[in-house]
Amino acid sequence: MLLSANSLSLSYNGHNVVEGFNLSIPKRTIVGLVGPNGSGKTTILRALAGLIEPRAGTALVQGKHASRLDKRLRARQIGWVPQQESAAWPLTVAEVVRLGRAPHRGWLMPFTAEDMDIVESALARADLLALQHRPVNKLSGGEFQRVLIARVLAQEPEALLLDEPTASLDIHHQIQVLDLVRGLVHEKGLSVVMAIHDLNLAVRYCDQLVLLNRGRQVSAGTPEEVLTPQNLHTVFGVNAQLYRDPWGAWAVSVQ
Amino acid sequence: MTRTTSIFIGLTALLLVLSLLSLGMGAVSISPSETLAALSGNPVKESHATILWDFRVARVLLVILCGSALASAGSAFQGLFRNPLADPYIVGASGGAALGATLAVVFDRTVPIGVAGFLGALGAVLIVYAIAEASNFGSVVSLLLAGAAMSTMLSAIVSLLLLLSDEVLHEIFSWLMGGFSGRSWSHLTQASLAAFLGIAITLPMSRALDALSAGESSAEALGLDLRRARLLIVIGASLSTAAAVSASGIIGFVGLIAPHLARRLVGASHAVVIPASMLLGSILLLIADDLARTIAAPLELPVGVFTALLGGPFFLYLLRNPKGL
């Protein structure tokens with residue numbers, strides 16, 4: 001098990017936002033964190049990435065405390081993509097994506113031809129080749145989000161932590177990014193945890209879901225086990241249920 | 001040849017030409033060809049060699065050293081604070097170095113000026129950094145307020161020290177105004193150790209500074225050890241600032257402007273921004289120093305006055321539109 005959380009309790013700005021969260025993420029699996037705003041999804045991802053110290057419980061990467069691992073080693077194992085990022089300086093798209101190679105090459109050594117190839121293929125997979133010399137502060141929200149995806153692809157981690165990876169994308173790029181993630185999961189056996197608002201995308205792409213409400217785990221399991229009409233009503237306050245869409249995939253219908 | 005390479009060649013050529021012209025300026029005017037002749041050991045007049053080697057070469061080299069050091073520190077502070085308004089002066093490093101150096105002079109130089117200046121700069125930056133971090137780190141306002149409060153406080157302490165120790169008052173006062181008047185080889189050798197060390201620490205932090213552009217969490221997720229990186233950046237930039245301040249007093253705005261011009265010319269990657277800033281900082285400071293010693297000749301004005309006159313409006317422009325560059 002690459003990643004696991006055991007009785008994880010987390011605080012953010014002095015408030016207790018997550019209580020007793022448990023999760024273990026098998027290889028080759030996409031786990032979706034779903035729940036209303038403020039249910040603790042982002043904070044859980046930050047803890048799994050080792051960026052915050054748990055108040056209680058543990059977030060483990062291959063059995064070791066995520067927040068205490070050597071930073072470069074951790075960055076080769078876990079890629080974290082924030083929901084939003086602001087660039088202080090107008091680095092180009094390629095320069096930003098190249099930073100994904102830093103965990104492999106370090107902070108001093110020049111990037112190698114191999115790094116450049118990996119960066120190029122990451123740019124290609126995120127549909128950014130045409131924009132690679134553009135300063136990142138001149139991109140739309142969706143383009144910037146694809147830059148973050150490309151950077152984490154260049155990072156070649158074993159687990160991906162994605163915080164609302166499709167929030168600012170149009171439907172074409174939503175599907176493109178999630179197909180890409182699913183492809184990587186099958187191809188390289190990645191483990192993925194993503195916080196995702198859109199329940200239709202969640203049921204379509206996630207193998208397992210964890211439903212959160214106010215920092216507590218309400219339910220976990222396959223999409224149809226988790227998104228029951230009762231759970232949807234309790235957590236989101238809507239009358240809704242899963243159904244098979246015309247292509248045979250799960251979708252959510254709201255009354 | 002890439003655009004970046006040609007810009008570096010152009011800037012280096014400009015710096016060399018300006019240096020040659022600066023060497024010729026002064027009470028005794030020496031033409032560029034006479035300067036070259038004297039430097040290569042075949043002076044047209046014997047006095048040229050004396051004037052150049054005893055006074056002007058050291059001064060021009062010191063101006064270049066201070067310009068580079070301030071610009072390198074400015075790039076590093078802007079990158080660390082993720083803030084286009086940061087520079088050694090704004091973040092309190094210059095003020096801290098001035099206080100340290102003044103204390104060293106007042107206490108009969110029991111601690112070398114350069115060391116005292118470095119400790120002062122480091123202390124001031126760490127305090128400003130801690131305050132800016134505690135109150136919504138990275139926001140323009142908290143940094144500027146913390147820096148302004150720190151600089152005002154430090155200059156008040158310096159003024160108090162000056163009032164209490166009147167015999168060194170004039171010496172320190174004219175030094176604080178910022179200038180290269182009467183500077184020679186001894187100042188150059190003293191300043192160069194700290195400046196080279198500071199720059200040697202700062203340059204290898206380029207990729208870390210690029211990562212910090214994405215914010216601290218993202219930089220950490222990319223494998224950067226934040227604490228270590230921040231500390232090295234602050235130490236490198238404080239050393240370069242202290243070198244410049246202890247050699248030439250407080251010279252504002254060079255460290256602010258040079259990185260901005262550099263980003264306009266060569267892009268935002270720190271591996272090119274820092275060296276390009278150093279060239280631009282040297283060029284700007286040479287121009288300011290030439291103006292300072294020729295505009296009211298034979299009277300020599302403090303160079304800090306000219307960098308402030310050039311840089312003040314630029315700073316106000318940035319403040320109005322901080323993301324504009």
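Before the details, a word on conventions: residues are numbered from 1 along each chain as its sequence is written, and chains are lettered from A, with ligands numbered from 1, in the order in which they are written. Since the model is predicted, local features need pLDDT of at least 70 and side-chain atom pairs count only at pLDDT 80 or more, while totals for chains, interfaces and linings use all residues.

Let me begin with the place where the chains meet. Chain A contributes 22 residues to the contact and chain B contributes 21, where two residues are in contact if their C-beta atoms, placed from the backbone, lie within 7 Å. On the side of chain B that touches chain A, helix H9 (206-212) and helix H10 (216-221) of chain B each supply at least two residues; helices here are DSSP runs of H or I with at least four residues, and strands are runs of E with at least two, numbered from the N terminus. Sorted by class, that side of chain B holds 8 nonpolar, 7 polar and 6 charged residues, with Ala, Val, Leu, Ile, Met, Phe, Trp, Tyr, Cys and Pro counted as nonpolar, Asp, Glu, Lys and Arg as charged, and the others, Gly among them, as polar.

By a core I mean a set of buried Ala, Val, Leu, Ile, Met, Phe, Trp, Tyr and Cys residues joined through C-beta atoms within 7 Å, and a residue is buried if 20 or more other C-beta atoms lie within 10 Å of its own, exposed if 12 or fewer, and partly exposed in between, with the C-beta atoms placed from the backbone.

What does B:Leu280 contact, once its neighbours within four places in sequence are left aside? The partners are B:Leu11, B:Ala71, B:Ala258, B:Leu261 and B:Ala262.

H3(B) and helix H13 (residues 270-294) of chain B pack at an angle of about 135°, with their axes 7 Å apart; the axes are lines fitted to C-alpha atoms, for helices over the stretch in contact, and angles run from 0 to 180 degrees between N-to-C directions. The two helices, H3(B) and H13(B), are therefore oblique to each other, given that angles under 35 degrees count as roughly parallel, over 145 as roughly antiparallel, 65 to 115 as roughly perpendicular and the rest as oblique. By class, this contact of H3(B) with H13(B) has 12 nonpolar, 10 polar and 1 charged residues.

The second pair is helix H12 (residues 254-266) of chain B with H13(B), packed at an angle of about 125° with axes 8 Å apart, which makes H12(B) oblique to H13(B) as well.

Turning to backbone angles, which residues other than glycine have a positive phi? One is A:Glu164, with phi near 50°, located in the loop between S7 and helix H7 (171-188) of chain A and counted as buried with 21 C-beta neighbours inside 10 Å. Another is B:Phe253, whose phi is about 80°; B:Phe253 sits in the loop between helix H11 (226-248) and H12 of chain B, and is buried, with 26 other C-beta atoms within 10 Å.

Finally, two strand residues of chain A. A:Leu160, in strand S7 (residues 159-163), is buried with 23 other C-beta atoms within 10 Å, and its C-alpha atom is separated by 4.7 Å from that of A:Val192, 32 residues apart along the chain.
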